[in-house]
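Let's take a walk through this structure together, one piece at a time. Keep the view open beside you as you read.

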Amino acid sequence: MASYNTARHFNIDHLVGAIAPGRYADVVLLSDVDTVEIDRVYANGRLAAQTLDGDYGYTLPIPQIEYPAWSKNTMNVGKAVQAEDFVIKAPAGAATVTAALMEPFYFASTFPTGELPVTDGLIHADPANGISKVAVVDRYAGTGAVAKMFWKNVGPITPRSALASSQMHDIHNIWVLGNDDEAMALAANTVADMQGGWALVRDGEVVATVALDLAGLMTARPVAEVAAEVEALNAAADRMQWIGGGGLPERMRFAFLTASPWQWQLVAPYAGNPIGFVNVTTGETHPVIW
Amino acid sequence: MLALHPIAGFTAQTDGRGGVRVRALSAVLVATLALAFIGIAQPPSAHAHLLNMTEVDLLAQRDGSVQLTMNVDLSRSMAPPQAYYALASSLERPEHQALWQRIGDAVVLQNTVLSVGQQRIPLVFVKAENPDNNPQRDFSDPLIWPKVALTYRSQGQPVAADHALGITFTSGFFFEEPISVAMASELHPTRVNRWLVTDQKSPLFMGAAAGAPVDQPLNAQDLAAMLASGFAHVLPVGVDHLLFLLGLSLLIVSVKKLVAAVTLFTLAHCVSLLAASFKLIELPPLLIELAILGTIVWLGLRLLGWRLSSLWLRRANSIGQGPASLNYSAVFLFGLIHGLGFSNAFLAFAITENILGQLVAFNVGVELAQILFIVASSLLLHRLLLPRVGAARLHGLVGWLLLLLPSIWVTLLLMRSLA
């Protein structure tokens with residue numbers, strides 16, 4: 001149904017979406033629906049892989065895929081972002097401000113708020129009280145545009161630290177979570193320089209990276225190599241302190257979904273788009289501090 | 001995934017009919033994902049959580065035991081909803097014991113101990129709770145996943161200086177994924193947090209001694225813990241290593257030569273321990289274990305007076321006595337092999353900071369235990385047993401011991417690796 005209804009919606013059900021005469025489909029046969037145990041795979045009408053005695057075997061030659069340069073060159077931030085790009089200024093004369101405080105997987109139609117102190121006209125992350133800064137850096141337009149706000153209950157406590165990633169379902173800009181503007185800029189620039197992936201900055205230095213060079217989401221490098229990088233990232237995160245305990249805040253990767261019913265989202269600046277803190281179901285925007 | 005980004009101009013790169021097809025498929029993909037998310041991601045409530053993931057806390061406790069608490073959604077395994085609700089509102093009933101045990105049995109908690117290999121730690125069910133007290137309607141709501149909190153405790157006291165804990169959630173029960181595991185200890189501040197899927201092994205976690213503690217430089221306590229850990233890897237748990245040393249101390253009679261051989265052996269295994277810890281050498285653990293057992297078997301053969309003709313086993317430079325003899329290069333080679341075995345144990349601690357300091361402490365612990373054992377076994381063999389039993393019979397006894405025990409281990413090892 002998932003494929004048929006979708007194909008019908010887009011008026012291409014005469015081509016795909018069903019297992020029927022005249023339709024295109026690659027087919028996976030499962031031997032156990034609950035565990036999704038794969039028995040065999042048909043691709044282009046030919047048996048491509050099958051399970052024999054618990055081992056997977058490929059029955060067709062595995063094509064060597066040469067990914068074109070454009071698929072590995074997708075980070076168009078346009079400039080190295082600076083610490084100033086992450087600064088959040090208070091209205092003139094204010095001693096405290098009210099801030100919108102998001103957190104990962106906050107689904108409600110409203111958003112939490114809180115009072116934050118102003119220091120020298122600026123508002124800073126306050127990890128001791130569970131407050132971090134979150135920014136989204138646009139990677140498409142080449143203008144280096146940054147949207148930023150405060151989040152709560154997530155982020156590093158370890159000083160001068162930040163985590164950035166281009167896995168940001170489902171727009172895949174670069175999100176940055178941190179407690180220091182310099183660290184956030186470094187993390188975002190590291191991700192951009194790698195053409196995508198993850199970067200963890202601790203005490204002002206990059207301590208772990210995972211390069212995802214295909215579209216900033218994937219890589220064709222060997223599994224063992226990537227797994228070692230991911231493990232090193234997790235291990236580096238485990239050696240830091242995080243708000244609410246725990247290690248690498250993996251949930252952040254899914255915290256920017258713009259599909260309904262995720263409602264209030266931080267959206268990178270785009271020409272002709274609602275930007276900043278946006279209710280993605282209505283298009284309404286809201287200041288991040290006031 | 002590329003197809004998800006028409007904004008980024010990915011699809012604009014395609015042309016002709018291929019472009020049309022890619023765009024059509026992109027549309028299908030986008031729509032499928034959107035529908036899937038609308039379908040599954042309707043919020044049950046406004047607090048932060050990741051849908052119905054399994055959340056697990058593993059705590060190494062001061063008393064040496066491990067406490068495991070799991071927040072699990074049983075909606076799918078306990079369907080229909082009425083049955084799950086009935087269960088959730090009568091958690092304390094004895095008839096549910098079999099279910100709790102089945103869940104506990106699907107969790108494989110293991111201790112990795114050098115030489116002994118991995119030991120499974122049985123989990124004993126402690127209690128089941130219903131922390132959110134969801135009303136009955138929640139259980140039939142397709143977008144709410146009530147969770148049950150289950151507590152288990154390890155049988156025995158597996159938390160020790162030389163033990164590293166690992167956990168795997170097997171397909172013996174349906175655990176909703178991701179399985180978010182947090183491993184912590186009452187004895188040190190280092191934590192390990194990972195998202196796992198079914199049958200994926202967690203990284204190892206030292207319950208008793210920490211690697212490098214969070215945000216703190218290496219201190220004397222950690223070094224002492226590593227030293228104790230190195231010591232414990234020889235005495236008492238390094239049975240294979242002990243057997244080798246036993247053979248060595250019997251084979252070499254001259255105290256001077258024994259000191260020379262042990263020094264050489266130590267030097268060799270420092271070299272390979274260092275090299276392997278910095279990943280200059282990487283060999284499969286099974287191969288190393290087999291090689292170590294091979295060295296013991298070889299010593300056994302020498303004790304029984306067997307001679308193999310090879311580069312290493314020539315009689316030149318023999319430092320033993322009579323038919324049982326060996327040369328320094330063989331001792332050095334065997335030292336290298338045994339060092340690799342210790343490096344596996346050391347690497348199992350997943351230490352990534354201050355490696356050298358901790359490695360030296362670990363090594364010093366290993367050497368202290370080794371020297372202690374050699375002195376004791378030399379005294380026992382040469383002073384106490386040899387005069388009473390006679391050289392030939394003692395060599396025979398120890399020789400057969402060195403042949404038989406490793407043979408049994410090899411069989412077990414191979415069975416385990418084939419299983």
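This is a predicted model: local features need pLDDT of at least 70, side-chain atom pairs count only at pLDDT 80 or more; totals for chains, interfaces and linings use all residues.

Two residues are in contact if their C-beta atoms, placed from the backbone, lie within 7 Å.

Which residues of helix 7 of chain B meet helix 10 of chain B? From helix 7 of chain B come L258(B), V262(B), T266(B), C270(B), L273(B), L274(B) and S277(B), and facing them in helix 10 of chain B are I355(B), L359(B), N363(B), E367(B), Q370(B), I374(B) and S378(B). Sorted by class, the residues of this contact between helix 7 and helix 10 of chain B are eight nonpolar, five polar and one charged. To find the two helices, look at residues 255–277 for helix 7 of chain B and residues 355–389 for helix 10 of chain B; they pack at an angle of about 155 degrees, with axes 11 Å apart. Angles over 145 degrees count as roughly antiparallel, and helix 7 and helix 10 of chain B are therefore roughly antiparallel to each other. Their crossing is right-handed.

Now turn to helix 11 of chain B, which spans residues 391–418 and packs against helix 6 of chain B, residues 239–251, at about 155 degrees with the axes 11 Å apart. Helix 6 and helix 11 of chain B are therefore roughly antiparallel as well, and their crossing is left-handed. On the helix 6 side of chain B the contact uses L243(B), L246(B), G247(B) and L250(B), while helix 11 of chain B supplies L394(B), H395(B), V398(B), L402(B) and L405(B). By class, that gives seven nonpolar, two polar and no charged residues.

Helix 11 of chain B also meets helix 8 of chain B, residues 285–303; here the axes come within 7 Å and cross at roughly 160 degrees. That angle makes helix 8 of chain B roughly antiparallel to helix 11 of chain B, and the crossing is left-handed. Among the residues in this contact are L290(B), L293(B) and V297(B) from helix 8 of chain B, and V398(B), L402(B) and W409(B) from helix 11 of chain B.

From helices we move to strands. Chain B has an open sheet of six strands in the order 5-6-2-1-8-9, with mixed pairing. Why do strand 5 (123–129) and strand 9 (192–196) of chain B each have one side without a neighbour in the sheet? Both stand at the edges with a single partner strand, so one side of each is left without a neighbour. The twist in this sheet averages 20 degrees from one strand to the next. Strand 9 of chain B is joined by five bridges to strand 8 of chain B (residues 179–185), and the two run antiparallel. One bridge you can look for pairs I179(B) with L196(B) in strand 9 of chain B.

Stepping back, chain B holds 11 helices and 10 strands. Of its 419 residues, 38% are buried.

Finally, visit chain A, where an open sheet of three strands has the order 15-16-17, with antiparallel pairing. Strand 15 (264–267) and strand 17 (285–286) of chain A stand at the edges, each with a single partner strand. Four bridges link strand 15 of chain A to strand 16 of chain A (residues 276–279), and L266(A) has F277(A) as its bridge partner in strand 16 of chain A.

Terms used: Residues are numbered from 1 along each chain as its sequence is written. Chains are lettered from A and ligands numbered from 1 in the order in which they are written. Two strands pair if DSSP finds at least two bridges between them. Axes are lines fitted to C-alpha atoms, for helices over the stretch in contact, and angles run from 0 to 180 degrees between N-to-C directions. Angles under 35 degrees count as roughly parallel, over 145 as roughly antiparallel, 65 to 115 as roughly perpendicular and the rest as oblique. A crossing is left-handed if the near helix is turned anticlockwise from the far one by less than a right angle, and right-handed if clockwise. Ala, Val, Leu, Ile, Met, Phe, Trp, Tyr, Cys and Pro count as nonpolar, Asp, Glu, Lys and Arg as charged, and the others, Gly among them, as polar. A residue is buried if 20 or more other C-beta atoms lie within 10 Å of its own, exposed if 12 or fewer, and partly exposed in between; C-beta atoms are placed from the backbone.
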